[in-house]
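Biologist: Could you show me how to read a protein model, one feature at a time?

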Amino acid sequence: MTNRTKRILALVDVAGLPIFILAFIWRLQFSARWTWMLFPAWLVMSFLIHRDKPKTIGARADNLWPAAKRAAMAFAIMAAALIVIGLIRGAPHHFPEHLISPRRLWTYFAFCVLQQVALNSLISNRLEFLTGKRWLAALLAGGIFAACHWPNPVLVPITFAGGSVMAWLFLSERNIIPLAIMQALLGTLAWWSFPVAWHHHLRSIVPSTARRVEFKRRVSVLRGRLSDSESTSHANSNGTPRLNSTTSI
């Protein structure tokens, strides 16, 4: 593979994957939910095409300790900021039970691992290859991460800051496990620090918007069925026999 081809494919990853994610969030999850399978398929295909290895995508254990130390320092600063915000805002002095239940934390951690693979193993790696500058790649990765959480007023600034920091940490010491743990804990703190009415249960698409999208989809489906029904009725009025489940052919 030539360097030019590799750069073109890297650009396709950087631009195409976020576009697909946004399309799924805003449309496909309501009209073609099965398309979520394209997400892991995209990741695997990209890793194979670019000949990525466990060390380059951060699936490794040999640097776990130095990566964990870096992540712990960044986590302490950002966690302190979220705690201060929560205390100033008057957040409850205890976490809701459902928020810290083992099942919820494990599920959320697994989701964070998947996000870290997309954000860092793929996008941050490709951006560093395209730009040649770690700081620029980290900022761009943070911007893409924030864009995928638009228009949530809490998640957009938090994911830009957190995404940029995590991308920098990854490019400095490639290991996604400490970053996934960091993201899961920071996400839990963010849920507590801000009112639910602001962050909408940490969802990118707010419930009211989701309902509007689903409503439009159902209206579209209903219109299609009515149109088919009218066409069938018109055909029957012209003498074409109507077939049903009991008709033999």
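This is a predicted model: local features need pLDDT of at least 70, side-chain atom pairs count only at pLDDT 80 or more; totals for chains, interfaces and linings use all residues.

Biologist: How many helices and strands does the protein chain have?

Modeller: Helices (H or I, at least four residues) and strands (E, at least two) are DSSP runs, numbered from the N terminus. Here the protein chain comes to 10 helices and 0 strands.

Biologist: How much of the protein chain is buried?

Modeller: Buried means under 20% relative accessible area, exposed over 50%, and partly exposed in between, with a 1.4 Å probe and protein chains only. Of the 249 residues in the protein chain, 39% are buried.

Biologist: At what angle do α1 and α2 pack?

Modeller: Axes are lines fitted to C-alpha atoms, for helices over the stretch in contact, and angles run from 0 to 180 degrees between N-to-C directions. Helix α1 (residues 3-31) and α2 pack at about 170°, their axes 11 Å apart.

Biologist: Which residues make the contact?

Modeller: Contact means heavy atoms within 4.5 Å. On the α1 side, L9, V12, D13, G16, L17, F20 and I21 take part, and they meet L38, F39, W42, L43, S46 and I49 of α2.

Biologist: Is V44 buried, partly exposed or exposed, and where is V44 found?

Modeller: V44 sits in helix α2 (residues 38-49). Its relative accessibility is 48%, so V44 counts as partly exposed.

Biologist: What about R51, buried or exposed?

Modeller: R51 lies in the loop between α2 and α3 (54-57). At 73% relative accessibility, R51 counts as exposed. There's a backbone detail too: R51 has a positive phi of about 55° although it is not a glycine.

Biologist: And S172, buried or exposed?

Modeller: S172 is placed in helix α7 (residues 155-172). With 18% relative accessibility, S172 counts as buried. Leaving aside neighbours within four places in sequence, S172 is in contact with R70 and R134.

Definitions and conventions: Residues are numbered from 1 along each chain as its sequence is written. Side-chain values use heavy atoms; hydrogens and water are left out.
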